Structure formats: C-alpha cells, structure tokens
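Here are my notes for someone opening this one for the first time. Have a look at the model, then go through the points in order.

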Amino acid sequence: MANIFGNTDNDNSAVLWDYLFNVDEGRKNLGGEMPVIVYRMLEYSMRDVLTSMYGKEKMIEIIRSAGEKTGREFYSRCLDGSLPLNDFLAQVQQKLIDLKIGILRFEKFDEETGHAVLTVSEDLDCSGFPSIGETVCNYDEGFLAGILKAYTKKEYIVVEIDCWGTGERVCRFDAKVVLDK
Ligand SMILES: [Zn+2]
C-alpha cells in the first residue's frame, strides 16, 4: 500500500500536505473547528498503539518526529521566516493562539547561544491531565524544534521540563542548540 504522507522526498507527500489546509472547500457545513477531545483521542490512541507495537521509548521518538515534521511544514506554510527574531517569535505566539494550540510565552531567548525557555499554557495536548509523574507533550517538543530549526537553520533539541503530567499547570520547554562536533 502506498504511504500517502510518505517522506519529504515523495511528491505525493508535499501535495497532500497542501490539501490538509484546504478545509474550507471540504467542510462547507461543518467548518474548520472541532472539539479538542477529537484531537486528543487521535493523539492518545496513536500513543497507546505505538507503545504496544514498539515500546514506550520508540513511541516517544515517533511522536516527536511527527511533531517535528509538522513544525517544519507549519513553518513553510504559515510563518514568515524573513522576519527578525522578535517579530518572528510574536508571529509564532499569535498563530498558536489563532489555532487554539496554546498560549505560548518565551521566558528566555538568548540570541548568542540560541538557548530558549518557552511555556505553553492551556496546552492542547495535556491541560487538565492528572499528575502521572512524567511529561507527555512529546509532539509539542518536536513541533517547537521543527519551527526553531527551520527558522534558525540550527540543530535544536527541545525537551519538556514541566507539564500537567508532572503536576504543573503550564508546560515548559527547554530548547537548546546542538553544537557542531
Ligand atoms: Zn505538557
């Protein structure tokens, strides 16, 4: 069976990513919005199935990679990479509010090192969850890394350090540039 989303080398993949954004034509009556629970059911069923098939570590790697793929596609379609840093960060913040993904704040962005600390409140993936002793927003880790990599052209690793899953009321992400060896 053909992998319709394939990898970025696959022509169909690029075409289908364009059509993901063509919601107005496809949903003339229902429109572009749907309840958060639908997104969560998709995400957490994928996490469960991937964990049972490949184990937890691999599941996290896959979810994070999917987030990064989305971050890059989102960057190329929805963000203006020619903006200077502060304007770019403001644009990312506004887009995440417009799309109701979460309320993003940059607690720190060191222009010298690229090191950033970001928070997302009312996060789409985990807000309202009980404390389960671990962070769960691996998709967001990848998504934010994908955007930062695309904009800065640097290699980033983003790790969630606070989450509703660890008993916090905001998700906090540490974003570091991986230095060339
Ligand atoms: Zn979280």
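1. Let's begin with a question: are cysteine 137 and cysteine 171 buried or exposed? Both cysteine 137 and cysteine 171 are buried (buried means under 20% relative accessible area, exposed over 50%, and partly exposed in between, with a 1.4 Å probe and protein chains only).

2. Before going on, a word on what you're looking at. This is a predicted model, where local features need pLDDT of at least 70 and side-chain atom pairs count only at pLDDT 80 or more, while totals for chains, interfaces and linings use all residues. Residues are numbered from 1 along each chain as its sequence is written, and side-chain values use heavy atoms, with hydrogens and water left out.

3. Now the zinc ion. Its protein donors are Cys126 (SG), Cys137 (SG), Glu160 (OE), Cys163 (SG) and Cys171 (SG), at 2.2 to 2.6 Å from the ion. Donors here are N, O and S atoms within 2.8 Å of the metal (3.2 Å for Na, K and Ca), and water is not among the atoms, so sites may look incomplete. Along the sequence, the spacing of the donor residues reads C-x10-C-x22-E-x2-C-x7-C. Cysteine 137 sits in the loop between strand E2 (116-121) and H6, and cysteine 171 in strand E4 (residues 171-177), so this pair, 34 residues apart, links distant parts of the chain. Helices (H or I, at least four residues) and strands (E, at least two) are DSSP runs, numbered from the N terminus.

4. On to the rings. There are five aromatic pairs in the structure. Rings of Phe, Tyr and Trp (its six-membered ring) pair if their centres lie within 6.5 Å; planes under 30 degrees apart count as stacked, over 60 as edge-to-face and the rest as tilted. One of the pairs is phenylalanine 74 with phenylalanine 143, which is tilted, at 5.3 Å centre to centre with 45° between the planes. Phenylalanine 74 belongs to helix H4 (residues 56-78) and phenylalanine 143 to helix H6 (residues 138-152), so the pair ties together parts 69 residues apart in sequence. Phenylalanine 74 counts as buried at 6% relative accessibility, and phenylalanine 143 counts as buried at 7%.

5. Another pair to find is phenylalanine 88 with tyrosine 151. Their rings are stacked, 3.8 Å centre to centre and 5° between the planes. Since phenylalanine 88 is in helix H5 (residues 85-98) and tyrosine 151 is in helix H6, this pair ties together parts that are 63 residues apart in sequence. Phenylalanine 88 and tyrosine 151 are both buried. Ring pairs also join Tyr75, Phe88 and Tyr151 into a cluster.

6. How do H3 and H4 meet? The axes of helix H3 (residues 36-54) and H4 come within 7 Å and cross at roughly 130°. Axes are lines fitted to C-alpha atoms, for helices over the stretch in contact, and angles run from 0 to 180 degrees between N-to-C directions. H3 and H4 are therefore oblique to each other (angles under 35 degrees count as roughly parallel, over 145 as roughly antiparallel, 65 to 115 as roughly perpendicular and the rest as oblique). The contact (heavy atoms within 4.5 Å) involves Arg47, Leu50, Thr51 and Tyr54 of H3 and Lys56, Lys58, Met59, Ile62 and Ile63 of H4.

7. Methionine 59 is worth a click. Methionine 59 lies in helix H4 and counts as buried at 3% relative accessibility. Leaving aside neighbours within four places in sequence, methionine 59 is in contact with Arg47, Leu50 and Thr51. Methionine 59 and arginine 47 are 12 residues apart in sequence, with 6.4 Å from C-alpha to C-alpha.

8. Next, H4 and H5. They pack at an angle of about 105°, with axes 12 Å apart, and that makes H4 roughly perpendicular to H5. Phe74, Tyr75 and Cys78 in H4 meet Phe88, Gln91, Lys95 and Leu96 in H5. Cysteine 78 is buried, with a relative accessible area of 19%.

9. Last, H5 and H6. Their packing angle is about 150° and their axes are 12 Å apart; H5 and H6 are therefore roughly antiparallel to each other. Leu85, Phe88, Val92 and Leu96 in H5 meet Phe143, Ile147 and Tyr151 in H6.
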